[in-house]
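The following note sets out numbered points on the model shown below.

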Amino acid sequence: LRRAGVTPGEIGAALKAKRKEYQLRQEEVAEFAQVSERFVREVEKGKATVRLDKLMDVLAVVGLELVATQRVPEQLKPYRG
């Protein structure tokens with residue numbers, strides 16, 4: 001099964017790029033999002049298993065958001081009415 005959409009690594013890279021654009025340290029992002037600095041570091045490194053609520057808080061600090069979009073996966077197209 002192929003994953004669709006963005007990867008954890010791409011999310012981490014986007015966070016890091018925006019953080020640097022705003023000239024923020026990981027520690028500052030963590031403080032604003034009320035998470036640990038370690039959490040911010042893990043997201044930036046592309047860790048795949050992070051808490052979604054915390055991730056959304058961290059992304060919001062730098063003006064990013066995670067958005068779900070609707071699509072029909074290839075394997076389900078035969079079942080589509």
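This is a predicted model: local features need pLDDT of at least 70, side-chain atom pairs count only at pLDDT 80 or more; totals for chains, interfaces and linings use all residues.

1. Arg19 is buried, its relative accessible area being 8%; here buried means under 20% relative accessible area, exposed means over 50%, and partly exposed lies in between (1.4 Å probe, protein chains only). This residue lies in helix α1, where helices (H or I, at least four residues) are DSSP runs numbered from the N terminus. Leaving aside neighbours within four places in sequence, Arg19 is in contact (heavy atoms within 4.5 Å) with Leu24, Arg25, Gln26, Val29, Glu44 and Val62.

2. Residues are numbered from 1 along each chain as its sequence is written, and side-chain values use heavy atoms, with hydrogens and water left out.

3. Which residue does Arg19 meet in a salt bridge? The partner is Glu44, at 2.6 Å from N to O; a salt bridge is a side-chain nitrogen of Lys or Arg within 4 Å of a carboxyl oxygen of Asp or Glu. Because Arg19 lies in helix α1 and Glu44 in helix α3, the pair ties together parts that are 25 residues apart in sequence. Glu44 is also buried, at 11% relative accessibility.

4. The count of salt bridges by this rule comes to 8. One of them joins Glu21 to Lys18, with the closest N and O atoms 3.5 Å apart. Both residues lie in α1, 3 residues apart, which is about one turn of the helix. Lys18 is partly exposed, at 24% relative accessibility. Another salt bridge, also with closest N and O atoms 3.5 Å apart, is formed by Arg25 and Glu28. Arg25 is partly exposed at 47%, and Glu28 is partly exposed at 24%. Arg25, Glu27 and Glu28 are linked in a network of salt bridges.

5. Helix α1 has 14 residues and reaches 20 Å from its first C-alpha to its last, close to the 20 Å expected at 1.5 Å a residue; the expected span is 1.5 Å times one less than the number of residues. Ile11, Gly12, Leu15 and Arg19 are the buried residues of α1. They cover an arc of only 95° around the axis, and therefore lie on the same side of α1; the arc is that of the directions from the helix axis to the C-beta atoms. The cover over these buried residues includes α2, α3 and α4. Just after α1, Gln23 has a positive phi of about 55°.

6. In α4 (residues 52–61), the buried residues are Leu55, Val58 and Leu59. Their arc of only 100° around the axis puts them on the same side of α4. Among the elements covering them are α1, α2 (26–33) and α3 (37–44). Gly63, with a positive phi near 80°, follows α4.

7. The buried residues of α3 include Phe39, Val40 and Val43, and those buried residues pack against α1, α2 and α4. Leaving aside neighbours within four places in sequence, Gly46 is in contact with Pro8 and Gly9.

Terms used: Helices (H or I, at least four residues) and strands (E, at least two) are DSSP runs, numbered from the N terminus.
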